[in-house]
Amino acid sequence: MSSWRNLLLRLGEKCPEYAGNADFKDQIEACFSVVRREIEHSGDDVYPFLIQCAEQLPHKIPLYGTLIGLLNLENEEFVRKLVENTQINLQDALETGQCNKIRILMRFLTVLMCSKVIQPSALVVVFESLLSSAATTVDEEKGIPSWQARADFYITCILSCLPWGGAELVEQVPEEIERVMVGVEAYLSIRRRVSDAGVSVFEDIEETNNAVNEKDFLEDLWSRVQDLSNREWKLDSVPRPHLSFEAQLVSGKSHDLSPVSCPAQPGPPGVLSGIAFGRQKHEAELKYPQRIRRLNIFPSNKIEDLQPIDRFVVEEYLLDVLFFLNGWVRGALVYLCLAHRKECAAYMVGLPVPFRYEYLMAETIFSQLLLLPQPPFRPTYYTLVIIDLCKALPGAFPAVIAGAVRALFDKIADLDMECRTRLILWFSHHLSNFQFIWPWQEWAYVLDLPKWAPQRVFVQEVLEREVRLSYWDKIKQSVENAPALEELLPPKGLPQFKYSAEDGTDPTERALSLELKDMVKGRKTAREMISWVEENVFPAHGFDITLGVVVQTLLDIGSKSFTHLITVLERYGQVIAKMCTDDDQQVKLITEVSSYWQNNAQMTAIAIDRMMSYRLISNLAIVRWVFSSLNVDRFHISDSPWEILRNAVSKTYNRISDLRKEISSLERSVVLAEGAASRARQELESAESKLSIIDGEPVLGENPVRIKRLKSYAEKAKEEEVSVRESLEAKEALLARAVDEIESLFLSLYKNFLTALAEPLHDASRDGTLRPSGHADDMTIDLEDSSVMELDKDDETPKKSHPNGSRERNGYNLDEKQQWCLTTLGYLKAFTRQYASEIWQHIEKLDAEVLTEDIHPLVRKAIYCGLGRPLDE
């Protein structure tokens with residue numbers, strides 16, 4: 001990579017490119033001298049790269065803004081092009097709804113204003129364009145209030161620029177910026193307050209509205225900006241390198257900024273029905289999601305005494321870097337992200353702020369990992385980030401992460417079920433990268449809690465996931481400092497083959513199993529095996545014994561590895577398919593699978609998932625089996641049935657998603673094929689209509705050879721168009737069937753939830769609510785808590801741990817039926833929230849068949865919260 005590119009990328013860092021000098025002023029001057037010379041030779045390469053750096057390393061924007069201000073003194077034409085391209089990029093981002101790009105480019109423009117590159121009034125015009133669009137959107141008569149998410153996002157963009165340029169705007173255009181602030185305040189007075197019900201990490205399924213007086217994210221940001229204004233726009237978290245060059249920058253020419261226009265309203269104004277409003281609101285929130293929902297898992301004395309706006313700015317830095325780390329970058333910056341992942345962690349620990357922020361960094365990362373309805377990136381990404389940060393800050397960050405785990409564990413009973421699952425998966429994966437070391441003696445008290453207590457279930461599920469990532473003996477060894485916890489380890493995972501020699505099973509059945517094994521060893525075909533079953537086994541022994549022999553024997557043959565299982569199902573799946581043709585038989589099939597792998601939840605889930613992939617088991621059969629008496633009693637003490645249900649629903653949903661993507665691609669192909677066919681036909685008609693002279697006589701049409709070639713082209717183009725259309729029609733037919741299938745799946749799922757919950761809710765609820773006797777205590781974390789990576793003494797125990805265990809530790813006092821209801825309602829809400837986009841398309845059917853007047857209020861609330869639907873609709 002050329003030296004000028006390296007200098008731009010490394011600006012603001014203590015690195016060899018700047019001879020280890022960390023002074024911003026010296027670095028900017030050094031970079032300026034090199035870039036200025038480069039512009040003379042390849043200016044058209046420099047300004048796109050400079051914009052790219054600002055977009056993709058946004059925590060350095062003040063440095064890039066100052067550099068551009070200095071370049072403006074030397075080469076106004078270069079900077080004019082840069083400003084024009086920035087405006088074009090912003091306009092494109094607004095039209096396509098690229099939220100991160102809009103926000104970052106507006107910050108970039110704000111910093112350019114501070115460096116005298118653009119007029120302050122031009123920036124205010126951009127603010128007012130967004131403000132006008134937002135106000136129109138939420139207007140009951142002229143706008144579409146269901147799209148308030150977009151309006152809120154626009155206002156958030158305006159307010160988030162002010163920490164970077166509020167002081168300059170107030171100084172240079174006080175009346176204009178005051179007009180904007182008044183407009184924002186007016187907007188806040190007419191918008192609807194956004195409720196986090198349904199997407200809150202910590203929940204109470206039965207609370208009615210305890211957040212009525214709490215500020216939502218936008219109101220909170222507004223209060224932080226007002227506090228900043230009251231302090232004369234002074235803050236510590238935003239570097240202001242342009243002040244070091246103010247005497248020079250003031251002589252530069254400020255460029256005009258072309259106005260930007262916001263997208264038109266997504267539909268005509270008017271009053272919508274409740275369902276139409278809900279659908280549009282859901283669509284808007286997907287396109288313009290709230291970026292962060294603060295967890296506040298640490299007590300205030302654990303975080304530096306930050307000003308309110310400083311917390312917001314540091315969160316912005318961290319979220320920007322997380323976004324950059326994930327590979328959003330393109331072009332030359334990919335090298336930096338992919339080849340030097342540890343340097344990316346260094347960006348997070350080297351933010352341009354003069355205070356420590358490890359606790360805030362941990363809170364921000366966990367807020368993303370647990371963000372509902374979906375985290376921005378795969379959870380594994382946050383695992384890797386946390387691991388890298390633990391290695392980058394070995395003396396501080398591991399202890400912070402350990403404290404966060406303890407804090408979340410203390411309040412696990414209030415954690416949303418989806419978040420609880422994510423936390424279990426993250427924690428087990430995290431420990432697997434640190435030799436599974438954790439001071440388990442701190443949590444040994446969970447053995448004194450009932451088996452359904454959330455903390456006990458959490459420890460049990462973490463250990464089970466660790467066994468999946470390692471092996472049983474290794475995990476047993478890891479809990480040696482709390483040997484009693486071995487009770488919570490899963491069984492060793494060996495299969496339970498009912499026809500093994502040691503078992504006292506019927507000798508006839510064992511002989512049939514051995515005969516079937518011999519057939520497999522003899523490479524008999526599936527057709528031959530089907531004939532054997534139909535002629536020799538089924539008539540004499542009936543369906544249940546036949547099914548047990550075939551399924552158990554084939555599973556035993558495929559038990560050595562995942563590959564063996566796949567091979568067996570591919571070769572002999574037809575045998576099972578021939579036997580199990582309806583849901584009742586498939587439920588029995590799943591029961592046999594779970595019986596064989598009863599000691600291994602992972603293999604049970606894998607086998608059922610593979611059988612569904614091969615169409616041996618339907619999703620409806622899986623739903624019925626999950627809600628059968630075999631599993632319902634385990635809903636609150638094991639994740640195993642929920643994992644199988646999640647896999648089934650996810651696989652069905654992914655089929656539809658894939659079909660929709662394929663149809664979208666084919667629709668584009670049809671347009672291209674139509675265009676190609678039309679052009680070929682027009683060219684042929686044009687050639688045929690021309691008069692040509694052949695042998696001295698006028699003849700209609702060009703050279704016959706060319707005519708023949710054009711006819712061939714036209715025919716091929718038409719055939720291609722027909723072929724693509726047929727493919728599209730076939731995919732649309734498959735989609736129609738898939739839509740019917742998922743509608744049936746959701747109806748079955750909800751009806752089974754209702755049936756399962758009906759009697760327990762009636763018995764456990766009082767006055768229509770579930771009333772826990774107590775909630776988790778306020779979370780407190782000992783500053784001296786050590787990370788698992790730092791523990792050297794086996795007997796080291798934090799001061800606040802209760803090794804003997806006490807139920808009163810977290811005030812847990814729920815009976816089993818109450819906990820079962822809370823857990824099942826939590827999963828009902830989680831499923832609804834995860835697949836809300838698809839469920840909204842079938843809401844009329846759901847209202848008619850599930851959400852009837854006699855439905856229990858807690859069930860209704862769980863579903864409505866998952867959909868983001870108001871309860872008073």
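The structure is a predicted model, in which local features need pLDDT of at least 70 and side-chain atom pairs count only at pLDDT 80 or more, whereas totals for chains, interfaces and linings use all residues. Residues are numbered from 1 along each chain as its sequence is written, and side-chain values use heavy atoms, with hydrogens and water left out.

The secondary structure of the protein chain comprises 33 helices and two strands, where helices (H or I, at least four residues) and strands (E, at least two) are DSSP runs numbered from the N terminus. Of the 873 residues in the protein chain, 55% are buried; here buried means under 20% relative accessible area, exposed means over 50%, and partly exposed covers the values in between, with a 1.4 Å probe and protein chains only. The protein chain exposes about 38600 Å², of which carbon and sulfur atoms supply 49%, and these accessible areas come from the Shrake-Rupley method with a 1.4 Å probe, only the protein chains shown counting as cover for residues. Among contacts (heavy atoms within 4.5 Å) between residues at least 6 apart in sequence, 77% join residues at least 24 apart.

Helix H3, which runs over residues 61–74, has 14 residues and reaches 20 Å from its first C-alpha to its last, close to the 20 Å expected at 1.5 Å a residue; the expected span is 1.5 Å times one less than the number of residues in the helix. H3 is mostly covered, since 12 of its 14 residues are buried, including Tyr 64, Gly 65, Leu 70 and Asn 72. The buried residues of H3 pack against helix H1 (3–9), helix H2 (24–56), helix H4 (76–96), helix H5 (99–114), helix H7 (148–172) and helix H10 (246–249). Leu 63 lies in helix H3 and counts as buried at 5% relative accessibility. With neighbours within four places in sequence left aside, Leu 63 is in contact with Leu 11, Gly 12, Phe 24, Ile 28 and Pro 241. Leu 63 and Pro 241 are 178 residues apart along the chain, yet their C-alpha atoms are separated by 6.4 Å. Asn 21 is found in the loop between H1 and H2 and is partly exposed, with a relative accessible area of 30%; not counting residues up to four places away in sequence, Asn 21 touches Glu 13, Asp 26 and Gln 27.

Helix H17 (residues 397–410) has 14 residues and a reach of 20 Å from first C-alpha to last, close to the 20 Å expected at 1.5 Å a residue. H17 is mostly covered, with 13 of its 14 residues buried.

The axes of helix H26 (residues 619–626) and H29 come within 10 Å and cross at roughly 5°, the axes being lines fitted to C-alpha atoms, for helices over the stretch in contact, with angles that run from 0 to 180 degrees between N-to-C directions. H26 and H29 are therefore roughly parallel to each other, as angles under 35 degrees count as roughly parallel, over 145 as roughly antiparallel, 65 to 115 as roughly perpendicular and the rest as oblique. Asn 619, Leu 620 and Val 623 of H26 make the contact with residues of H29, among them Glu 741, Ser 744 and Leu 745. Tyr 750 is found in helix H29 (residues 704–764) and, at 2% relative accessibility, counts as buried. Apart from neighbours within four places in sequence, Tyr 750 is in contact with Leu 828, Thr 832, Ile 839, Leu 846, Val 850 and Ile 863.

Some loops hold backbone features of note. A cis peptide bond with an omega of about 10° joins Leu 372 and Pro 373, and Pro 373 lies in the loop between helix H15 (358–369) and helix H16 (379–392). Asn 296, although not a glycine, has a positive phi of about 55°; Asn 296 is placed in the loop between helix H11 (274–287) and helix H12 (308–328) and is partly exposed at 46% relative accessibility. Phe 436, also not a glycine, has a positive phi of about 60° and is placed in the loop between helix H18 (417–432) and helix H19 (454–469), where Phe 436 counts as buried at 5% relative accessibility.
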